[in-house]
Every structure is written in C-alpha cells, then in structure tokens.
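Subject: Structure for your files, with notes

Hello,

Please find the structure below.

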Amino acid sequence: EFNLTPSLLEGLGAMGFNEPTPIQAQAIPVILDNKDLIACAQTGTGKTAAYLLPIIHKLAESKDQHIDTLIIAPTRELAVQIDQQMEGFGYFTPVSSLAVYGGGDGNAFDREKQALKEGANIIIATPGKLISHLNMGYVKIDKLKHLILDEADRMLDMGFHDDIMKIISYLPKDRQTLLFSATMPSKIRELANKLLKAPEEISLALSKPAERIFQAAFSVYDNQKAGLIAHLLSAKPLKSVIVFCSTKSSVKQIEKMLKDEKFNVASISSDLEQHERETVLRDFKNRTVNILVATDIVSRGIDIDSIDLVINYNVPGDAEDYIHRIGRTARASSKGVAFTFINEQDQFNFNKIETLMEKEVVKAPLPAHLGSGPVYDPSSKKAKTRNFGRGKSSAGRKPKRA
C-alpha cells in the first residue's frame with residue numbers, strides 16, 4: 001500500500017512483517033512526501049521501522065553512493081540495534097549502512113573512517129564519536145539529504161544538546177529532518193523549532209505504557225527485597241526477565257545474590273566494555289541467559305521479543321524512565337508483566353509515576369514468609385524525604401523472617 005520498492009518488500013516478507021503499526025502507518029507517508037516530522041510514540045511501537053523503511057526505499061530507488069542519511073542515537077546499544085534492523089530490512093537492497101560509536105578498537109575506527117570518507121548510505125552514530133570523526137575533516141557529508149534524531153528526549157537528558165548543534169553545523173541546510181521521541185517536554189519543542197521546517201506532527205499514546213502490561217507494586221523494606229525477588233523468580237518458569245536497578249553497585253550485588261540462589265543470570269552496566277555488553281545482550285537474546293540485571297542503559301535501545309517479566313528493584317527517579325523500563329515487555333502484540341519494589345523513600349516518586357500514567361498500580365501483598373512491608377502512603381513525611389545518602393545497598397542481605 002505504500003508502494004515500497006520490491007527489494008525492500010522482499011526483506012520485510014523475510015522478516016515476517018505483514019502490516020504496519022500505527023506510528024508506521026502515519027509516519028511513512030509523511031517521510032515519503034519529503035516533509036519534516038516530529039513523531040512522538042511510546043517505546044515498543046515500531047518507531048525504528050517507521051523511519052528506516054521510507055529512507056531505504058528512497059535510497060534503493062536513487063542508487064546514490066554517498067552519505068545520504070545520518071541517524072543520531074544516544075547510546076551504543078541503540079545505534080547497534082538500528083544498524084541490525086537496517087541490515088534486516090535492507091538485505092535485498094543495495095543500501096549500505098554503518099554504526100559509529102565509542103568503545104571500539106583501532107580496527108573499528110579505521111572501518112568507520114573509510115566508510116565516512118567513501119560514503120556509506122546511512123550512518124548511525126552516537127554524538128561524541130561522530131564529532132571525533134568530524135573534527136578530523138575527512139567526513140563527506142555535504143550531500144546529506146536526511147537527518148534523523150532518535151530518542152531525542154533521551155539525548156537531551158544525557159546532555160547532548162551542544163553536541164547535536166555542533167554536528168548540525170556541518171550539515172547542508174537543505175535537508176529533511178525527522179525527530180523521534182518517546183516524550184515531548186518543552187526542551188524537545190525548542191530543539192524542533194531550531195531544526196525543523198514546517199514539520200508534520202504525530203503523537204500516539206504519549207507517556208502511557210502499553211495496555212497489555214500487567215503492572216503491580218510491592219511496598220517493601222529494603223531488607224525484604226532480596227527475598228521477594230527470589231520468590232517471584234521461583235514462582236513459575238520464566239524464559240526471559242529483566243531486573244532494573246538504579247546503580248551499578250546494586251546491579252553487581254543482585255547478580256551475585258541471584259547466582260548464589262542458582263539462577264541463570266548475567267548483568268550489564270556502563271562498567272562493561274562494549275564487546276562485553278554485546279556478548280551479554282547476545283546471550284540474553286538467545287536465551288543462553290534468561291535473567292538480565294541492568295541499569296537504565298538497557299531501558300531503551302534493545303529490542304527483544306517475548307520478555308516475560310520486568311522487575312524494578314528500585315523506583316526510577318524519573319517517571320518517564322518507568323515507562324521505558326516496563327516497555328521492554330509486551331513488545332509488538334505480546335503481553336507482559338511488570339513488578340516494582342517501593343521502599344518508604346520511593347513512595348513519593350512512585351506516586352508521580354501513577355500521576356503521569358493517570359492510573360493507580362495494584363499494590364500486591366507480600367508473601368507471608370517475608371512479613372509485612374511499610375504502609376503505602378506517598379503523602380507521608382517519610383515518603384517525601386529523599387534519601388540521597390543511602391549507604392550500603394541491602395541487595396545481598398537475607399530477608400527477615402516473620
């Protein structure tokens with residue numbers, strides 16, 4: 001129905017894509033019509049394909065051999081994921097792509113340099129690494145036709161505004177610019193006003209998790225968390241679970257605790273080298289490891305089907321991060337479950353999440369052997385007192401028995 005080139009349709013058929021998601025149905029015609037676009041949709045709705053498919057179509061039809069499209073992404077993981085999807089969709093087309101991100105060795109840098117000099121069609125890059133190449137003067141980007149900012153809200157949260165503006169100073173002014181974001185705060189509007197010309201706008205289910213996710217929360221004391229997570233993971237066979245933590249230290253402690261309990265678990269955080277991250281994610285995708293403990297580094301930028309359960313070991317400080325975390329489950333048309341552990345200090349933040357979603361999350365009772373947790377009352381003084389000096393984590397402590 002979009003009149004996409006046959007070689008692209010062949011790739012879609014091989015990947016089992018039969019019909020577009022709502023964001024794809026609305027965005028693809030706008031992009032094919034060469035209009036600028038602001039697209040806002042929740043995680044897991046198919047935003048990557050929404051912009052890749054029309055771009056691949058244009059390139060396959062034109063057969064240009066220069067850098068035509070630049071996709072800027074906030075993290076290595078997202079850049080790699082976009083490149084992998086590009087390889088799948090464009091397998092039967094002559095379109096070339098390259099992911100440019102930090103953490104690689106000298107050989108990776110040489111490959112990037114060659115592609116940036118000779119002109120891969122699509123460059124997917126993290127801001128810092130791309131600027132390193134641009135500063136050296138060999139990047140041939142004068143014929144660029146498309147700029148795509150993916151997870152734009154995340155990039156601004158990570159402090160990339162100045163880097164983005166520096167990159168854009170190298171680009172032709174006559175181009176199509178597409179801005180994709182999961183949220184639309186005022187700073188995104190300001191960025192869009194600087195970069196886009198008379199853009200079309202699409203907003204779908206802003207700041208709301210998928211309805212197919214069953215959400216529940218447990219009000220707990222910190223020393224009950226270890227026993228609760230072991231109980232939940234033992235309750236039924238689970239093929240794929242992500243446990244989100246707020247700090248790198250708690251990631252390692254929870255991984256060790258779960259390994260001691262004989263669970264098949266691995267962890268990922270910014271402490272790992274890039275090749276180590278890729279190995280862990282590959283093992284998790286292949287189900288060699290079925291429990292992944294992680295920081296918010298994987299709350300965006302991984303696309304893994306059939307994740308049974310997401311556990312928030314800590315309530316995220318940003319309500320939007322909660323949406324992204326639980327959005328790792330119930331991808332596409334599947335169902336999923338998300339549990340959150342709320343201590344007394346996190347009650348106020350969790351209440352902000354419920355306000356954002358305009359939905360009260362079920363507060364489930366603790367298993368009898370763990371005893372009673374604190375009363376959930378986000379208006380109380382304890383809930384409003386932010387405990388920034390938490391001291392040593394209780395991730396590895398044994399729970400008190402009732």
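A salt bridge here is a side-chain nitrogen of Lys or Arg within 4 Å of a carboxyl oxygen of Asp or Glu. By that criterion the structure holds eleven salt bridges.

This is a predicted model, in which local features need pLDDT of at least 70 and side-chain atom pairs count only at pLDDT 80 or more, while totals for chains, interfaces and linings use all residues. Residues are numbered from 1 along each chain as its sequence is written, and side-chain values use heavy atoms, with hydrogens and water left out.

Two more conventions are needed. Helices (H or I, at least four residues) and strands (E, at least two) are DSSP runs, numbered from the N terminus. Buried means under 20% relative accessible area, exposed means over 50%, and partly exposed lies in between (1.4 Å probe, protein chains only).

Salt bridges

Lysine 129 pairs with glutamate 112, with 3.1 Å between the closest N and O atoms. Lysine 129 belongs to helix 6 (residues 127-134) and glutamate 112 to helix 5, so this bridge ties together parts that are 17 residues apart in sequence. Both partners are covered: lysine 129 counts as buried at 14% relative accessibility, and glutamate 112 counts as buried at 4%.

Helix 6 itself is mostly covered, with six of its eight residues buried. These are Pro127, Lys129, Leu130, Ile131, His133 and Leu134.

A second bridge joins the side chains of lysine 187 and aspartate 157, at 2.5 Å from N to O. This pair links distant parts of the chain, with lysine 187 in helix 9 (residues 186-195) and aspartate 157 in helix 7 (residues 152-157), 30 residues apart. Lysine 187 is partly exposed at 32% relative accessible area, and aspartate 157 is partly exposed at 41%.

Which residue forms a salt bridge with lysine 252? The partner is glutamate 255, and the closest N and O atoms are 3.0 Å apart. Lysine 252 is partly exposed, with a relative accessible area of 44%, whereas glutamate 255 counts as buried at 8%.

There is also a network of salt bridges, which links Asp33, Lys35 and Glu200.

Surface charge

Lys113, Lys117, Lys140 and Lys143 gather in a patch of positive charge on the surface. Patches are made of residues with over 30% relative accessible area and no salt bridge; like charges are joined within 9 Å, and nonpolar side chains (Val, Leu, Ile, Met, Phe, Trp, Tyr) within 5 Å. Lysine 113 lies in helix 5 (residues 106-118) and counts as partly exposed at 32% relative accessibility.

Asparagine 34 sits in the loop between helix 2 (22-32) and strand 1 (37-41), and at 51% relative accessibility it counts as exposed.

The place of arginine 287 is in the loop between helix 12 (274-285) and strand 11 (291-294). Is arginine 287 buried, partly exposed or exposed? Arginine 287 counts as partly exposed, at 30% relative accessibility.

Regards

How values were computed
Accessible areas come from the Shrake-Rupley method with a 1.4 Å probe; for residues, only the protein chains shown count as cover. Lys and Arg count as positive and Asp and Glu as negative; His and the chain ends are not counted. The place of a charge is taken as NZ of Lys, CZ of Arg, CG of Asp or CD of Glu.
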